Amino acid sequence: FKSSEDIQKLALYFASVKPSSHKWRDLCIFSIGCNIGLRGGDLLSRKWGDILQNGQIRDGVIIYEEKTDKKRKFHLNQDCKDAIYLYLDNTYQDISTVDIDNYIFPSRKGGFITVRAYGKILKQAAKEVGIEYNVGTHSMRKTFGYNIYKNTNNIELVQKMFGHSNSNITLRYIGIDDEM
């Protein structure tokens, strides 16, 4: 998502979608996904214990990425924290009593929502708000990289964050080559 308008339209859609038991979960996934740059599977499989400690949201979170098995540290910025608090408030969960062994983003079928299932939700939301280009869970990761690059003009930083072997791959990945 290269435009802040598209991001805003999707966030508003998730917040205002018909009464749905998962609308706050879906909004939280979208907000965090666009702000930390994890792959869908790495984001969706998180448990509360990964981001909470002593009833507080951690600033720094360390995980091992599924695809690379490399350690990854990321920061939960204020947008992420706000999304988490909104999610907790609207699902009537008290942060101090959340079971840290539960998945943050549960599925109706048990376990956590799959990348495929959330991808369908995201595609439907994009369609509903008039986004005509193809979107998926990877769009959130690309949005993160695109915004880091646009704000810093430092492609090496984005390349390192994504573990790409060269900057041309990263530029193509975040859609900059078309603009150049």
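Tyr 64 has Lys 71 of strand 4 as its bridge partner. This is a predicted model, where local features need pLDDT of at least 70, side-chain atom pairs count only at pLDDT 80 or more, and totals for chains, interfaces and linings use all residues. Residues are numbered from 1 along each chain as its sequence is written, and side-chain values use heavy atoms, leaving out hydrogens and water.

**The strand pair**

- Strand 3 (residues 60-64) pairs with strand 4 in the antiparallel sense, over 5 bridges. Two strands pair if DSSP finds at least two bridges between them.
- Strands (E, at least two residues) and helices (H or I, at least four) are DSSP runs, numbered from the N terminus.
- The hairpin of strand 3 and strand 4 has 6 residues between the strands. Asp 69 in this hairpin takes a positive phi near 60 degrees.
- Strand 4 (residues 71-75) has two faces: Arg 72 and Phe 74 are on the covered one. Lys 71, Lys 73 and His 75 are on the uncovered one.

**Helix 6**

- Helix 6 (residues 115-128) has 14 residues. From first C-alpha to last it reaches 20 Å, close to the 20 Å expected at 1.5 Å a residue. The expected span is 1.5 Å times one less than the number of residues.
- Its buried residues are Tyr 118, Gly 119, Leu 122, Ala 125 and Ala 126. Buried means under 20% relative accessible area, exposed over 50%, and partly exposed in between (1.4 Å probe, protein chains only).
- Seen down the axis of helix 6, the buried residues fall within an arc of 125 degrees, so they line one face. The arc is that of the directions from the helix axis to the C-beta atoms.
- On the other side of helix 6, Arg 116, Lys 120 and Lys 127 are exposed.
- The cover over the buried residues of helix 6 includes helix 1 (4-16), helix 2 (23-36), helix 3 (40-44) and helix 7.
- Gly 130 follows helix 6, with a positive phi near 85 degrees.

**Thr 143**

- Thr 143 lies in helix 7 (residues 137-152). Thr 143 is buried, at 1% relative accessible area.
- Leaving aside neighbours within four places in sequence, Thr 143 is in contact (heavy atoms within 4.5 Å) with Phe 1, Ile 7 and Cys 34.

**Cysteines**

- The whole structure has 0 disulfides (pairs of cysteine sulfur atoms within 2.5 Å).
- Cys 28 is in no disulfide; its nearest cysteine sulfur, that of Cys 80, is 8.1 Å away. Cys 28 is buried, with a relative accessible area of 1%.
- Cys 34 is in no disulfide either; its nearest cysteine sulfur, that of Cys 80, is 9.6 Å away. Cys 34 counts as buried at 10% relative accessibility.
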